[in-house]
Amino acid sequence: MNMNQIETQDQLTTANGERALVDIWRREIDNAKNYHEKSKETAKKFQEIYDCQENENNNADNYPIFWSNTQVLKPLLFSKLPKINIAQANYNNDEIARVGSELVERLLNYQLKESDAENQIEKVRDTYLVQGIGIPRIVFIPPEPLEIKTKVKKKIKVEKPEDDNYEKEDETSKNDMKEDAQEMEVEEEETSYDVDESKKSFTIEFVDYQDFLKSTEKEWKKLRWVAFRKYYSRRELVEYFGKKGEEVPMTNNKFEYLQEEKEDLYKLCEVWEIWDKENKVCHFITFAGDGFVLSSEEDGYNLKNFFPIPMPMGLNESSKLLPLPLYRQYKKHAENLSEIDDRIASLIKQAKFTGAYTSFAEQADVENIMNGEDGQFKPLKTTANIDDARKLIVFKPLAEIVNTITALRQEKLALKADIQEITGLSDIVRGYSVASETATAQQLKGNFAISRIQPLQKEVEFTIRDTLRLLAELAVEKYSIEELMELTGLKIHDVERIKEATQMKLDAQVQEAQSMLDPKDPQYQEKLQMLSAQAQAGYKKTMDKIMEDLKGFAIEYKDLGKLEKMLKSDKLRCINIDIETDSTIKIDQNQEKADRVAYIQTISGMVQAMSPVVQSGVVSKDALNEFIIFASKPFKVGRNLENFLRNNEEDAPDAQEMLAQMEMQIKQQEFQLKQQEIIGKLQIEQQKVDIDKAKLLNQQNEFESKLEFEDVNRQADRESKRLDLKVKAGTEIVNEQIRNANQPTQI
């Protein structure tokens, strides 16, 4: 038992103020380092083995089974960012919870796009597979202050220059000089600072296990503190911590931070960022020199569980909250496999057709035996007999070497099979199968492999889900409701004000139109009803568009305060909004198609079975919608489809609305009948006018025809009389000529 054990943290020091904080946290950090020492050494060693096997240019002696298995597991555990699936935690029709869940979903999608989340999570996954622990954290990056310089004009008094012979004698003369002073306008530059709140950002960062410490409790919920080690340059110290950053000694260098033994020009300072959950304070402390408290800030993240990290990957399986790397399960097998592989490589190098011969043998005979061509025979020069000549050459025992290599290869295969059994990586996962195996046998092997890997997948999925929950919690805490609306595109409708403004506008238009009507008009009442109906139709059209928007990503202005309260409150947010993620591994397309087909078959079968019951009135349409929504819950059908199903419920009017609609329809029908009657009368009057007009046109045509006929007859008479006169004149001339011809000629 440690005799230096204490009961409270205050007993760690007798100093006060910042010196006490340095002493307390120096002891806490040293104690945590001792607690994590062995696990960190193991993690560092395994990382070196993996890096050595991953480097193709190295001359590593280890067989790269560790690297190979890790490469196989990587895409099976994480290959893409998950689709965020945020929905109402409770199955109800709360519109505020529905809008809030979609707002958080859009916000997270925006944050993931703006950050390097996928790359950071890949690093977390890799260290989990290699070192047995993966640590993601969320970081809030506040906007940098903007320096604003403005020029301001100021007036200053400038005294007139004094005369050399002028002497100040009394106070009166001094006052006179002040009155003689002149005012001059000068321009000065003033500097002010402002902050652009829209520039704030939130990111997910990977944390190396070597730079992470925590208190020594055995349960995550009971941890008192966590700490992150960082290294700052002098410029960064001054930038982040002001004047205190100028006093801190620099005791580390860059390559020491990178765990490389190289000389470096610039020094760094090791700083521990300590999140003290008991006191809700975040300390930045360096133990360089005598130690300095660079900063102590109150809880700036305001997270429910205080820590800016979820439980790291891999700690859930340990009773001591220490990593248990997967490689340790088959480390001995991997070392034996490396040894066997080295032996095989060595024996292959030795498997050469070589031998030796005695000094009594002729060198020419040995060369002829060893280097002869096919079918070539040469005479022996040795004086020994044939039997003795065969004994002069001794060959390397290749058969024994080959048999040893074969046995070692069999052992190598057996070791690899053992490693696959330990890790759960069967042949079907690696993509190999035996041609004689049936599809069912291969499916069983695949299911077995998936069942072995599934715990690792769940560990990654749960950590990513918890990280996204922290990111969402931090984002809604730091963003104002106005910023959330701007980032997510949330629409706000002040329904009451829109109703009032729309009604006032329509009333004014009706009154203006009514003033233009003649009260003595027989159709005065019908026209008033028509104006009222048109106003009601316009009002309904305007409000229907607003209510349709509210079924989507929109909210009433009066509910905005409730939405903000729900988002900012940890309790209300957890009750109303459930943040989950889809799978982070690549989904089989055939399986996805099968799921969709199964969903369609389920819904279509339910609708066909329930349709007769709905038509008979035993079950209402609302109940059928509830059944469909209930059956859709296990399937990821999407928010739009679920909202559409719910909106169908809201579109069904109640009894009063139905009566009002019926009365409105009756009034509209009566109005239409009256309108048709008026139109009919107008049409009859128009027909009479058209008939009279036709009669007049006919009479006019007859009169014009008569006049034309009489003119033609008169013209014919005139032509006839003219011809008669012409014929009569011609006849007279002819008779005169005949009479002249019959008279006798006188001599």
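Me: Which residue stands opposite Ile285 in β11?
Reply: Val293 is the one facing Ile285. Keep in mind that this is a predicted model. The two residues belong to β10 and strand β11 (residues 292–298), an antiparallel pair joined by 6 bridges.

Me: What about the turn in the hairpin of β10 and β11: how many residues lie between the strands?
Reply: There are 5, and Gly289 takes a positive phi near 65°.

Me: And which strand is on the β9 side of the story, with how many bridges to β10?
Reply: Strand β9 (residues 267–276) pairs with β10 over 5 bridges, again in the antiparallel sense. Look for Trp275, which stands opposite Cys282 in β10. This hairpin has 4 residues between its strands, and Lys280 in the turn shows a positive phi of about 55°.

Me: How do I read the two faces of β10: buried or exposed?
Reply: In a regular strand, side chains alternate between the two faces of the sheet. Here Val281, His283 and Ile285 sit on one side, Cys282, Phe284 and Thr286 on the other, and all are buried. With 6 of its 6 residues buried, β10 (residues 281–286) is therefore largely enclosed by the rest of the structure.

Me: Now the helices. At what angle do α2 and α4 pack?
Reply: Two packed helices are described by the angle and the distance between their axes. Helix α2 (residues 65–77) and helix α4 (residues 117–131) pack at about 140°, axes 10 Å apart, so α2 and α4 are oblique to each other. Their crossing is right-handed. Contact residues include Phe66 and Leu73 of α2 and Tyr128 and Leu129 of α4. By class, the contact has 7 nonpolar, 1 polar and 3 charged residues.

Notes
Residues are numbered from 1 along each chain as its sequence is written. This is a predicted model: local features need pLDDT of at least 70, side-chain atom pairs count only at pLDDT 80 or more; totals for chains, interfaces and linings use all residues. Side-chain values use heavy atoms; hydrogens and water are left out. Axes are lines fitted to C-alpha atoms, for helices over the stretch in contact, and angles run from 0 to 180 degrees between N-to-C directions. Angles under 35 degrees count as roughly parallel, over 145 as roughly antiparallel, 65 to 115 as roughly perpendicular and the rest as oblique. A crossing is left-handed if the near helix is turned anticlockwise from the far one by less than a right angle, and right-handed if clockwise. Contact means heavy atoms within 4.5 Å. Ala, Val, Leu, Ile, Met, Phe, Trp, Tyr, Cys and Pro count as nonpolar, Asp, Glu, Lys and Arg as charged, and the others, Gly among them, as polar. Buried means under 20% relative accessible area, exposed over 50%, partly exposed in between (1.4 Å probe, protein chains only). Two strands pair if DSSP finds at least two bridges between them.
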